[in-house]
Amino acid sequence: MKQSVKIVLGLALIAAGVLWALNILGILHFEFSTEGWWTLFIIVPCIFGLFNDRDKVGPCIGIAVGVLLLLAARDVISWNMMWQLALAALIVGFGLQLLFFKNCCGHPQGSCELKTITRDGKSIRRIETSFGKQEINFKGERFEGADVHTSFGALILDFRGADIAEDAFVDLNVGFAGATVIVPENLAVQIAVSSGFGGVKDGRRYKVNTGSPLLTITGNVGFGGVEIKD
């Protein structure tokens, strides 16, 4: 049995025993109920994540949200209060990540995944980031395309000095986050990003929309923002 599993089970047994003893002694009164049992599918994996994952803020947020769901399911708090407290927990967790955790790309503490796949004869970068601030520089690289997913953080994609292919693209999927795309001056850029509860800003000083090479930026933004600048 893994050490983390033994620790979690040990703590759970200790907590159960202490609560049972307090109930017998009349110090704490409670009755067993199965209401809200489904929240354990959120809480338990997040507890294991505290011991196994390098990112500790994410599991802590998951535990907090799971506990709030459990309290709401048992009518300890209202569902309206639960959603407000869950949003507050997300904001606090995001703030802690920005303050105390380093840029994940190139650092062991972060949540950043970079892969390169081949699709339609092109080398496509797959970038997935969450929490904290990440900056990815493509200087000196041959760039043909990228699929980007970012959430609960800030992401900077810097294409200055990159070898842009004739019909390169960036497909952005941004949720509860902000993304900045820095392009070389006079590079032709087409922007077709959809946004819901968010915004897309073209802050380039020199706006060129046709020509070759052409960088096409597509994707979806929800509760976030995207800025393109040079």
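The legends below describe close-up views of a predicted model. Local features need pLDDT of at least 70, side-chain atom pairs count only at pLDDT 80 or more, and totals for chains, interfaces and linings use all residues. Residues are numbered from 1 along each chain as its sequence is written, and side-chain values use heavy atoms, with hydrogens and water left out.

**View A. The open sheet of 6 strands.** The strand order is β1-β2-β4-β6-β10-β8, with mixed pairing. Strands are DSSP runs (E, at least two residues), numbered from the N terminus; two of them pair if DSSP finds at least two bridges between them. β1 (112-119) and β8 form the edges, each pairing on one side only. Direction ignored, neighbouring strands are turned by 10 degrees against each other on average, with axes fitted to C-alpha atoms.

**View B. The pairing of β4 and β6.** These two strands run in the parallel sense over 9 bridges. S151 stands opposite G175 in β6.

**View C. The largest nonpolar core.** A nonpolar core is a set of buried (under 20% relative accessible area, 1.4 Å probe, protein chains only) Ala, Val, Leu, Ile, Met, Phe, Trp, Tyr and Cys residues joined through side-chain atoms within 4.5 Å. Of its 28 residues, F143, L157, F159, L172 and L215 touch the most other members. Strands supplying at least two residues each include β4 (142-151), β6 (163-175) and β10 (214-222). β6 gives the most, with 6 residues.

**View D. The surroundings of L157.** Not counting residues up to four places away in sequence, L157 is in contact (heavy atoms within 4.5 Å) with residues including I127, F138, V170 and I182.

Note on methods: Buried means under 20% relative accessible area, exposed over 50%, partly exposed in between (1.4 Å probe, protein chains only). Helices (H or I, at least four residues) and strands (E, at least two) are DSSP runs, numbered from the N terminus. Axes are lines fitted to C-alpha atoms, for helices over the stretch in contact, and angles run from 0 to 180 degrees between N-to-C directions.
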